[in-house]
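Hello,

Here is the structure for your files. My notes on it follow below.

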Amino acid sequence: MGGLREVAAPFVALGPSGVAVRARLKHLTPRDEKVLRLVGDHLGTLAGRDLRARCAAGLLHDADAWAVRKRALTGDSSSRWAGSITKATHDQWGLARRAQAAHVKGLEAGVRTIAHRLSLPVGEPGTRRAPGGYRTRQEWHAKSRRLHVLADRLQAEQADREAGRVRVVRGGKRLLNTRHNLDQARPSEEVWRRRWETERRFLQADGEAGKRFGNETIRVTPEGEASIKLPAPLAHLANSKHGRYVLAARVVFHHRGQEWADRTTANRAVAYRIHEDVQRGRWYLTASWQIPPVKTVPLAQARADGLVGVDTNADHLAAWRLDVHGNPVGAPHRFDYDLSGTAQHRDAQVRHALIRLLHFAQRHNLAIAVEDLDFTAEKTREKHGRRKRFRQLISGMPVARLRARLTSMAAELGIPVVAVDPAYTSRWGAQHWQKPLTGKNRKTTRHHAAAVAIGRRALGHPIRRRTAPPPHDRSDRVGHRTVQAGPVALGREGARPRIPGPRTRSAGAGYGAKAGDQCAQHRSGHAAEHASWQQDSLPLSP
């Protein structure tokens, strides 16, 4: 019992704080595309220069340095473009710092694990809570060398973090490395060059409340007319007044179109981003804005009618409906998705699975219970050793994508999402629910048993089942203990109610004087704690 970690209380997950919708820019003329590329390349050059200055400042950067950077960019663009570039640079630098902190944390965990295993004798078995020694002397020697490599990396990363140095690649490190492996990556150098130039362009502008249509830099009217404010060096390309270029395309937002139109009409802030899809040869415009935080319902209200317990896996969602008492209702459900192929295909698969899950919960007016998973420090080879397939399994689980999609989509339908601690749900679900829920016509999987465990924890019930006693136990025969008292029921340790008539074969109706004092019996400890069928009130794992 002392080795089990404390399980956190369930809570209702917060909804999204922003909205993003995308529309295709159709019927652009060749001149429109040329102007967009020129503006994006020019602003991308300024963004790269600003990022270099921000990284050079490191931890010494402050508001005054930010103002100096903005003034340096204003002359080559405009005040609003300079504000958007400096804010995007600040966000990118902060993201790099957070990634650096996570990398340092992972290196520290790897060094600790390897040092611990090297300190054990070769071949010593491990336990559930701590790994053992390495299997062979050769593996021990290889890991000792890896320990020195990780220690050197950790020292270098810690020095960079203390100095405030970050390493950022505009356009993406993955795409940059693709340039050195074009034979294996298949795209030609010309195709790669176009993708690289596209990713390094800068065509995004933050919204401005109170300004016309919510954005003075990239403006879209409620009728769908899109125009951009040209930077000062490219002002000669304008085809409208005040140095603006009006695109021939008409913007139509099919999703949340009315909400977007209401914001632009009221001159509320809307941010825009223009992006080119090189593979498809299309241009897109993305609009985004902030929304007030969605008010979450109390946990008791989310539990009122039961809920749907959901177990997240690498290729499907295992779900089971539970009533308010924590009992499985109906048949289990499985919502499959395929995470192979392109990023668009994977994202569509996740959305399709979540839509089916949400429609099932909406039909029965139920909340959804999911695990609050975080695998950032749980998929290293130092932690799991030779379990390569297991590392690949948890690495392939779309945890972050599912969590973000589920909370935003559930908020739109008004479905509460209850997040629970994932500790021991799979193990205890399989131990206490897989076999009882398996019958001749239904085979319960380990994942569906975990879904039941997740749902019971979200409802506030222990995962462990409260079983009925044998039909003929030694002291009580068949009777009052078939329904056990709850863990907080008043008087559950007090005297039992007197039952008229003989209680056993050897004692009459008037010979139960000591029935109320269970500890007075000649037994070691409390009498009610030693029957094989007695269940504890806490979910414990052997």
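**Notes on the model**

Phe213 has a relative accessibility of 14%, so it counts as buried, the cut-off being under 20%. This residue sits in the loop that runs between strand 3 (204–205) and strand 4 (218–220). Most residues other than glycine have a negative phi. Please bear in mind throughout that this is a predicted model.

His242 also has a phi near 60°, again positive in a residue other than glycine. The loop that holds His242 lies between strand 5 (225–229) and strand 6 (244–250). Is His242 buried or exposed? With 65% relative accessibility, His242 counts as exposed, because the limit for that class is over 50%.

**Overall figures**

The protein has 542 residues, and 37% of them count as buried. Its secondary structure consists of 15 helices and 13 strands. The accessible surface of the protein is about 31,400 Å², and carbon and sulfur atoms hold 51% of that area. Among contacts in the protein with a separation of 6 or more, 66% are between residues 24 or more positions apart.

Strand 9 (residues 307–312) and strand 10 (residues 316–322) run antiparallel and are joined by six bridges. Asp311 has Ala318 of strand 10 as its bridge partner.

Strand 10 and strand 11 form a hairpin, with five residues between them. Gly326 is in the turn and has a positive phi of about 90°.

**Helix 14 against helix 15**

How do helix 14 (residues 425–434) and helix 15 pack, and at what angle? The angle is about 105°, and the axes are 7 Å apart. That makes helix 14 roughly perpendicular to helix 15, because angles of 65 to 115 degrees fall in that class.

From helix 14, the residues in this contact are Thr425, Ser426, Arg427, Trp428, Gly429, Ala430, Trp433 and Gln434. They meet Arg446, Ala449, Ala450, Val452, Ala453, Ile454, Arg456 and Arg457 in helix 15. Sorted by class, the contact of helix 14 with helix 15 has eight nonpolar, four polar and four charged residues.

Another open sheet has four strands, ordered 2-8-7-3, with antiparallel pairing. Its edge strands are strand 2 (18–24) and strand 3, each of which pairs on one side only. Strand 3 and strand 7 (residues 271–277) pair in the antiparallel sense over two bridges. In this pair, Gln204 stands opposite Arg273 of strand 7.

**Two buried residues in helices**

Gln100 belongs to helix 3 (residues 79–118). With a relative accessibility of 8%, Gln100 counts as buried. Which residues does Gln100 touch, not counting those up to four places away in sequence? They are Glu157, Asp160, Arg161, Arg165 and Val166.

Arg146 is located in helix 4 (residues 137–163). Arg146 also counts as buried, at 18% relative accessibility. Along the chain, Arg146 and Ile114 are 32 residues apart, and their C-alpha atoms are separated by 8.4 Å.

Regards

Terms used:
Residues numbered from 1 in each chain as written. Predicted model: local features only at pLDDT ≥ 70, side-chain atom pairs only at ≥ 80, totals over all residues. Heavy atoms only, no water. Pairing = 2+ DSSP bridges. Axes fitted to C-alpha atoms, helices over the stretch in contact; angles between N-to-C directions. Parallel < 35°, antiparallel > 145°, perpendicular 65-115°, else oblique. Contact = heavy atoms within 4.5 Å. Nonpolar A, V, L, I, M, F, W, Y, C, P; charged D, E, K, R; others polar. Buried < 20%, exposed > 50% of the residue type's maximum accessible area, 1.4 Å probe, protein only. Areas by Shrake-Rupley, 256 points an atom, 1.4 Å probe, with all protein chains shown as cover.
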